[in-house]
Amino acid sequence: MYSRLTDAGLAKADEVFVEHLDDDRRMLEGLSPSECRPAGLLRELEHSILASGEDVS
């Protein structure tokens with residue numbers, strides 16, 4: 001079985017994706033290049049998420 005999104009569905013997916021990328025940029029904007037390496041990035045990302053106080057469960 002095949003399916004595909006309507007034009008409206010594709011537009012919504014594009015909109016949500018842009019919002020997701022904006023969230024990623026906000027989370028990463030304070031990091032140095034070395035912190036953007038995988039281990040440093042994950043550590044700093046965890047600290048950022050915990051400091052935000054948002055429920056991530």
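The legends below describe close-up views of a predicted model of one protein chain.

**Figure 1. Overall layout of the protein chain, with two helices and zero strands.** The radius of gyration of the protein chain is 16 Å, well over the 10 Å that the globule rule gives for 57 residues, so the chain is more spread out than a compact globule. Taken along the principal axes, the box filled by its C-alpha atoms is roughly 45 × 25 × 25 Å. Of the 57 residues, 4% count as buried, and the chain exposes about 5200 Å², of which carbon and sulfur atoms supply 58%. The side chains include 6 positive and 13 negative ones, and the centres of these two sets lie 6 Å apart.

**Figure 2. The salt bridge between K12 and E15 in helix α1.** The side chains of K12 and E15 meet with an N to O distance of 3.5 Å, which lies within the 4 Å cut-off for a salt bridge. Both residues belong to helix α1, which covers residues 7–28, and they stand three residues apart, about one turn of the helix. K12 counts as partly exposed because its relative accessibility is 46%, and E15, with a relative accessible area of 39%, is likewise partly exposed.

**Figure 3. Salt bridges of D22 with R25 and of D23 with R26.** The count of salt bridges in the model comes to three. In the pair formed by D22 and R25, the closest N and O atoms are 2.8 Å apart, and the two residues lie in helix α1 with a spacing of three residues, about one turn of the helix. D22 is partly exposed at 31% relative accessibility, whereas R25, at 52%, counts as exposed. The side chains of R26 and D23 meet at 2.1 Å, N to O; because these residues are three apart in helix α1, about one helical turn separates them. D23 has a relative accessibility of 37% and therefore counts as partly exposed.

**Figure 4. Helix α2, with S48 within it and G53 just after it.** Helix α2 runs over residues 38–52 and includes S48. At 1.5 Å a residue, the 15 residues of α2 should span 21 Å, and the end C-alpha atoms of the helix are 21 Å apart, which agrees with that expectation. S48 is partly exposed, since its relative accessibility is 31%. Computed along the sequence, S48 and E29 are 19 residues apart, while their C-alpha atoms are separated by 11 Å in space. Just after α2, G53 takes a positive phi of about 75°.

Notes: Residues are numbered from 1 along each chain as its sequence is written. This is a predicted model: local features need pLDDT of at least 70, side-chain atom pairs count only at pLDDT 80 or more; totals for chains, interfaces and linings use all residues. Side-chain values use heavy atoms; hydrogens and water are left out. Helices (H or I, at least four residues) and strands (E, at least two) are DSSP runs, numbered from the N terminus. The radius of gyration is taken over C-alpha atoms; the globule rule is 2.2 Å times the number of residues to the power 0.38. Buried means under 20% relative accessible area, exposed over 50%, partly exposed in between (1.4 Å probe, protein chains only). Accessible areas come from the Shrake-Rupley method with a 1.4 Å probe; for residues, only the protein chains shown count as cover. Lys and Arg count as positive and Asp and Glu as negative; His and the chain ends are not counted. The place of a charge is taken as NZ of Lys, CZ of Arg, CG of Asp or CD of Glu. The expected span of a helix is 1.5 Å times one less than its number of residues.
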